[in-house]
Amino acid sequence: MSTTMLLLNGPNLGILGRREPEIYGTDTLADIEKAVAEEVSGRGWDVRSIQHDSEGDLVRAIHEHSLSSVGAVVNPGALMIAGWSLRDALAAYPRPWVEVHLSNVWAREQFRHESVIAPLAGGVVVGLGAFGYRLAAQALMHLTAADR
Ligand code: DQA
């Protein structure tokens, strides 16, 4: 069994820290990677962090790591809204995964109120900023424990 978890981030999440900090906070993706790695280290996991601005690259990354990862935490960014090929890649991903959003998408524009990937997720963490990634990682450990 693999001990590598995937941390997948979609478009515009590579510029966290300087991207609308009043909405997304000041933590960078590197800060988040460090926090998630810290969270799962007790379980003996390491983190493979992948961020792409394009959907196809994310789809390819999911295919590539589907058999070599224990599960995933996924922030799809705006692909939540209509990322159908991302949705299909995750449908074929054989391990548990948790969706996370930094902002409270429900408190924002109407077009962010639906996620095409959420119905497939093991769970969704929304609106807790960078801390939400830690919670999503904990949830993933919980889901994979149940899954063993
Ligand atoms: C986001 C919310 C999305 O609606 C938005 O397009 C993002 C970031 C979040 O983490 O809050 O890129 O996924």
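Modeller: Before we start on this predicted model, a residue is called buried under 20% relative accessible area, exposed over 50%, and partly exposed in between.

Colleague: Fine, so where does Arg87 fall, buried, exposed or partly exposed?

Modeller: Arg87 has a relative accessibility of 25%, and therefore counts as partly exposed.

Colleague: And what does Arg87 form a salt bridge with?

Modeller: Its partner is Asp88, with 3.0 Å between the closest N and O atoms, and Asp88 is likewise in the partly exposed class, at 48% relative accessibility.

Colleague: How many salt bridges does the structure hold?

Modeller: There are 6, including one in which the side chains of Arg60 and Asp57 meet at 3.1 Å, N to O; those two residues lie 3 residues apart in helix 3, so about one helical turn separates them.

Colleague: What about Arg108, which residue does its side chain meet?

Modeller: Arg108 meets Glu109 in a salt bridge at 3.8 Å, N to O, and here Arg108 counts as buried at 18% relative accessibility, whereas Glu109 is partly exposed at 36%.

Colleague: Switching to packing, at what angle do helix 3 and helix 5 pack?

Modeller: The angle between helix 3 (residues 55-65) and helix 5 (residues 84-92) is about 5°, with the axes 9 Å apart, so the two helices are roughly parallel to each other.

Colleague: Which residues meet there?

Modeller: From helix 3, Glu55, Leu58, Val59, Ile62 and His63 meet Trp84, Ser85, Leu86, Ala89 and Leu90 of helix 5, a contact whose residues divide into 7 nonpolar, 2 polar and 1 charged.

Notes
Residues are numbered from 1 along each chain as its sequence is written. This is a predicted model: local features need pLDDT of at least 70, side-chain atom pairs count only at pLDDT 80 or more; totals for chains, interfaces and linings use all residues. Side-chain values use heavy atoms; hydrogens and water are left out. Axes are lines fitted to C-alpha atoms, for helices over the stretch in contact, and angles run from 0 to 180 degrees between N-to-C directions. Helices (H or I, at least four residues) and strands (E, at least two) are DSSP runs, numbered from the N terminus. Angles under 35 degrees count as roughly parallel, over 145 as roughly antiparallel, 65 to 115 as roughly perpendicular and the rest as oblique. Contact means heavy atoms within 4.5 Å. Ala, Val, Leu, Ile, Met, Phe, Trp, Tyr, Cys and Pro count as nonpolar, Asp, Glu, Lys and Arg as charged, and the others, Gly among them, as polar. A salt bridge is a side-chain nitrogen of Lys or Arg within 4 Å of a carboxyl oxygen of Asp or Glu. Buried means under 20% relative accessible area, exposed over 50%, partly exposed in between (1.4 Å probe, protein chains only).
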